[in-house]
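Please keep the sequence and the structure in view while reading the points.

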Amino acid sequence: MERDYVALPLQELGANAGFRRPTQPQASRVTSGSPALQVMTDLTRVTPATIRPQAPLAGANQFMITRGVRLLLVVDDLENVLGVISATDLLGERPMLVATQRRLRRDELNVADVMTGAEHVEVIALADVEGARVGHVLATLRRAGRQHALVVDHDVLSPARPLVAPAKRTMVRGIFSISQIARQLGVALPAGGEVARTFSEIEAAIR
């Protein structure tokens with residue numbers, strides 16, 4: 001090495017060592033009248049769990065377990081969002097139906113085979129969320145029959161040529177998860193519960 005660097009002292013790790021984890025503020029308790037932003041996973045603060053479309057389904061399921069999430073953003077190499085895949089997609093009937101239609105084994109399927117493409121993903125504008133309450137989010141998820149919803153805002157892109165209006169790029173800004181909302185409401189949900197039953201239990205608890 002050209003410069004004179006003094007080596008740092010080394011020592012043995014030893015037995016019973018632990019390790020640090022990322023520290024995030026504990027999710028605050030909410031009510032149905034609390035601001036909706038309090039139950040949104042804000043992607044400017046928390047890195048989303050993402051996966052490539054060519055990943056095998058088994059890998060997607062294991063990744064969800066590892067990250068402690070039930071929804072993954074499916075992205076390409078440029079980090080364009082191609083769609084989403086949920087635990088319901090993985091553990092429901094869709095993989096078997098797709099495998100039967102394509103005459104494949106289930107273990108031959110990848111994420112792209114069962115994900116919901118971006119063109120079919122309904123989203124909520126951040127501007128609408130900013131003035132909303134938790135109850136509005138619950139009503140939205142219930143009406144859609146889903147356990148998750150994406151929240152979007154936009155980046156303004158510089159025009160390629162003068163006198164051309166700037167373009168907008170949709171950006172996923174946040175995620176609503178019914179399980180996260182339930183935790184913050186203080187409602188314990190059984191693992192793998194049906195959507196309708198999940199909402200019934202939440203509504204019964206907050207009346």
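1. A residue is called buried under 20% relative accessible area, exposed over 50%, and partly exposed in between, with a 1.4 Å probe and protein chains only. Helices (H or I, at least four residues) and strands (E, at least two) are DSSP runs, numbered from the N terminus. The model is predicted: local features need pLDDT of at least 70, side-chain atom pairs count only at pLDDT 80 or more, and totals for chains, interfaces and linings use all residues. Residues are numbered from 1 along each chain as its sequence is written, and side-chain values use heavy atoms, with hydrogens and water left out.

2. Helix α3 spans residues 94-102, and its buried residues are Pro95, Val98 and Ala99. Viewed down the axis of α3, these residues fall within an arc of 100°, so they line one face of the helix; the arc is that of the directions from the helix axis to the C-beta atoms. Thr100 and Gln101 are exposed on the other side of α3.

3. The cover over the buried residues of α3 includes α1 (57-67), α2 (87-91) and α4 (111-114), where contact means heavy atoms within 4.5 Å. Just after α3, arginine 103 has a positive phi of about 55°.

4. Four strands form an open sheet in the order β1-β8-β7-β6, with mixed pairing; two strands pair if DSSP finds at least two bridges between them. The edge strands, β1 (41-42) and β6 (123-125), each pair on one side only.

5. Strand β7 (residues 148-157) runs parallel to β6, joined by three bridges, and valine 123 stands opposite leucine 150 in β7. With β8 (residues 167-177), β7 pairs in the antiparallel sense over 10 bridges; the bridge partner of alanine 149 is phenylalanine 176 in β8.
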